[in-house]
Structures are given as C-alpha cells and as structure tokens.
Amino acid sequence: MKILFLGDYSNYHHTLATALLRMGHDVTVASNGSRWMDTSRDIDISRPFSSKLGGALLWMKLSTLLNQRLKGYDIVQINNPVFIDQRPNRVRQLFERLRRDNGSVFMTAMGTDSYFVEMATAVDSKLRYSEWQINGTPGPICHKKDAWLNPLLANHCRYIYDNIDGVITALYEYDLAVRRILPAEMVCYGGIPIDTASTEPMIITESPSVVNLFLGMHRDRKQEKGTDRIEIAAKAVAKKHSDYCRLEIVENLPYNEYLKRLCNAHVVLDQLYSYTPATNALLAMAMGHNVVSGAEPEYYEFIGEKENHPIINALPDDEVLFSTIENIVLHPDEIPSRSKMGRDFVVKHNDSAVVAQRFVDFWEKRIK
C-alpha cells in the first residue's frame, strides 16, 4: 500500500513507517519533528514561527504540498484531530482535501484531545487517576480542561471523529476514551512501536554497586507527566543514599542526543499519572533498563499479559513514590532479572513489526 503519516509524537509514526517499509509498503512521513525532539520525517511541516506570520507561511507550504505530495495515497494516518499547527478551521480544510484526494483516512489516538479530557474528568471515569483527575479531585493540569472542552475545539474534534474511517489507539487510556464514542468495529488497539531490531540490548547481568537513576523531562510538561514530583522524590532518595545511587536529570534534549544519554542508566524514571508505559519507558526497556512508569493491573489485563510484569508501577502519592524509588536502590539484586524481563516484554508486545501488522490488519478490514 501507499501510506502517508501526517503528524507525529515522540517518533511514533516514523518508527512505524520504518517497519512498514521493511514489509514492502510505500510510506511517507510528514511532521514537525515533534518540535524540539527533531524526530525524522520525509516532509517537514514545522510552523516556522508561533506568530500569525508563521501560521500563514505554513499554510502556504501546506497548500502547495496538497497539490504535489499529499495526494494519491491508499492510507492517510493522522496523529490527532489537530494534526498540524493551525487553527481548527484550517485543519478542517486540510482534512477535507485529504479525504477528497486520497483513499481512506485514519487516526492514531496517541495524544490529548477533547474526548480524552472529557473521559478522564468524567464522574464515571474508569481511570482512578490521571493528570486531569486523581481519585475524584482535580489533577495538576485540570485548569486546562476548559480549553479542550470549549465549543470551537470540541466541535472540531467531533467533526474529525465523525468523518474518520477508523481509529488505532496507542495506549490503554486512549482506547477507553475512543470506545466511549465509536463502535467497536471502528477501533483497534495498536500499541506503541519500538524498533527492537535496531535497539541493541544492554542487559544488566550483575547487581550494580551504585544504581544509576535517570530522569528525562519535557520542560513544559512536568506537571502533565508528573516529573516534577518524580524529581523531588528521586533527589531525596539520591541524597539519603548517596553511596548507593546517582541521579542524572536531562531536559528537552533532541531525540538522538537523548538516546545517547540514556545508555548509562540502570533505572529510568518515566512518568506518574499513566496506567500504561509509553514510548520513553518502552524504549528504555528494549535497551535493557528497569523503568518506573505506569503499569496498572488493568493494563496488563488489557494486553493479555499474565506472567511478565517488569514495570515498576508509579503511583501519584509522594510518600509511596519515594518508597518505590528507595526500594529499587536498596534492592539492586532485583535489577538484572527485570532487565531481561523488560526486553522480552517489549519484543513480544511492542516490536515495531508486531504493531505495524496490527495497523495493516485493521486497515485492510476497514477498507473492505
């Protein structure tokens, strides 16, 4: 098939595209490189400036691309209802052209949108906690709720979902949100693709005498990811047990530089409010690192994994979080077994070829 991925987060679509190319498909990725991460793409659709001028320049570029490079595909896969850095009315115009000039248009649910916020903040939400709501009380970014649920953005989100050919979800949480509004036949869980073939494992075979903790942060998303609270807990553990652990913290590194810095870690501290390990955690596990991330029982049940549970679950409770990180440092003998378990987990559930096949199977079913 001839496939266009439009938009990307954390190299998701590019990793998937690489796997599909290996399978013999013709694949193009158009994105803004996940902004400062500068991830790989075939067509750059970055907004050059945040001002109105930047928006106008990007729209001129997109108008040209629509006539030359964004048409004639069997499959177009967007990454969000707002898949380009433009106002909703501009996004809608682009979406309508994509529908007209290509085969089927799908979406990957791998980021926040109005329906996810609606689900996460609902009284009957199946999530006990998220960045939006924690056990029925407002979460750290709940003040942003109105921006996502305002009529302009909510109506745009509804329009996209009403006119899409199907949605493939990246996380358990997003799957919950999408299935509230779409029939089952229009939804498929894809998971997050990790190129394990190109990720050399550094399996930890011996108990380290000094545990290297690693925390990579998005400067503008600390509250959303809970890395502000993880940072405080990790620093407290490192100070209390300075003879037994070291802590490295990095912020907003380009993707390739980030991977280099990640190599020396034993334990990667990921995020706090997720039920599910996301790209950072899965990539670290593929490399052989232990991870502290989301790993609730509902997630393991959702993917059908009954035996291999290698992720150290992070809970939004500061005392529990401190104890969780401290326990890793005090029991380094458990690190080697989790290292191998983590790599095996990613190969089984998130290898990019496995995820790519889920996409292909769903596309073929929906096209038929």
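In the predicted model, Ser10 is partly exposed, with a relative accessible area of 24%. Ser10 sits in the loop that runs between strand E1 (2-6) and helix H1. The phi angle of Ser10 is near 50°, a positive value in a residue other than glycine. A positive phi of about 50° is also found at Asn252, again not a glycine. Asn252 belongs to the loop between E11 and H10. With a relative accessibility of 18%, Asn252 counts as buried, since the limit for that class is under 20%.

Helix H1, which spans residues 12-22, packs against helix H15, residues 352-367. On the H1 side, the contact is made by Tyr12, Thr15, Leu16, Ala19, Leu20 and Arg22. On the H15 side, the residues are Ser352, Ala353, Val355, Ala356, Phe359, Val360 and Trp363. By type, the residues of this contact divide into 10 nonpolar, 2 polar and 1 charged.

Helix H10 covers residues 255-262, and its buried residues are Tyr255, Tyr258 and Leu262. Viewed down the axis of H10, these buried residues fall within an arc of 55°, so they line one face of the helix. An α-helix has 3.6 residues a turn, so residues three or four places apart point the same way. On the other side of H10, Asn256 and Lys260 are exposed. The elements against which the buried residues of H10 pack are strand E10 (211-217), strand E11 (245-251), strand E12 (267-269) and helix H11 (279-287).

The structure contains 23 salt bridges. One of them joins Glu251 to Lys222, with the closest N and O atoms 2.7 Å apart. This pair links distant parts of the chain, as Glu251 is in strand E11 and Lys222 is in helix H8 (residues 222-225), 29 residues apart. Glu251 is partly exposed, at a relative accessible area of 27%. Lys222 is likewise partly exposed, at 22%.

Arg219 is located in the loop between E10 and H8. With neighbours within four places in sequence left aside, Arg219 is in contact with Glu251 and Asn252. Arg219 is partly exposed, with a relative accessible area of 46%. Between Arg219 and Arg338 there are 119 residues in sequence and 29 Å in space, taken from C-alpha to C-alpha.

Arg338 forms a salt bridge with Glu334, the closest N and O atoms being 3.3 Å apart. In this pair Glu334 is partly exposed, with a relative accessible area of 33%, whereas Arg338 is buried, with a value of 15%. Elsewhere, salt bridges that share partners join Asp38, Arg41, Asp44 and Lys61 into one network. Within this group, Asp44 and Arg41 form a salt bridge in which the closest N and O atoms are 2.8 Å apart. Asp44 is partly exposed, with a relative accessible area of 28%, and Arg41 is also partly exposed, at 26%.

Two further buried residues were examined. Gly54 is part of helix H2, residues 52-68. The relative accessible area of Gly54 is 0%, and the residue is buried. Apart from neighbours within four places in sequence, Gly54 is in contact with Arg47, Pro48 and Phe49. The C-alpha atoms of Gly54 and Gln93 are separated by 18 Å, the two residues being 39 residues apart along the chain.

Thr199 lies in a loop, in this case between strand E9 (187-189) and E10. Thr199 is buried, with a relative accessible area of 13%. Not counting residues up to four places away in sequence, Thr199 touches Leu283, Ala286, Met287 and Arg343.

Notes. Residues numbered from 1 in each chain as written. Predicted model: local features only at pLDDT ≥ 70, side-chain atom pairs only at ≥ 80, totals over all residues. Heavy atoms only, no water. Axes fitted to C-alpha atoms, helices over the stretch in contact; angles between N-to-C directions. Helix = DSSP H or I, 4+ residues; strand = E, 2+ residues; numbered from the N terminus. Contact = heavy atoms within 4.5 Å. Nonpolar A, V, L, I, M, F, W, Y, C, P; charged D, E, K, R; others polar. Buried < 20%, exposed > 50% of the residue type's maximum accessible area, 1.4 Å probe, protein only. Arc of directions from axis to C-beta. Salt bridge = Lys/Arg side-chain N within 4 Å of Asp/Glu carboxyl O.
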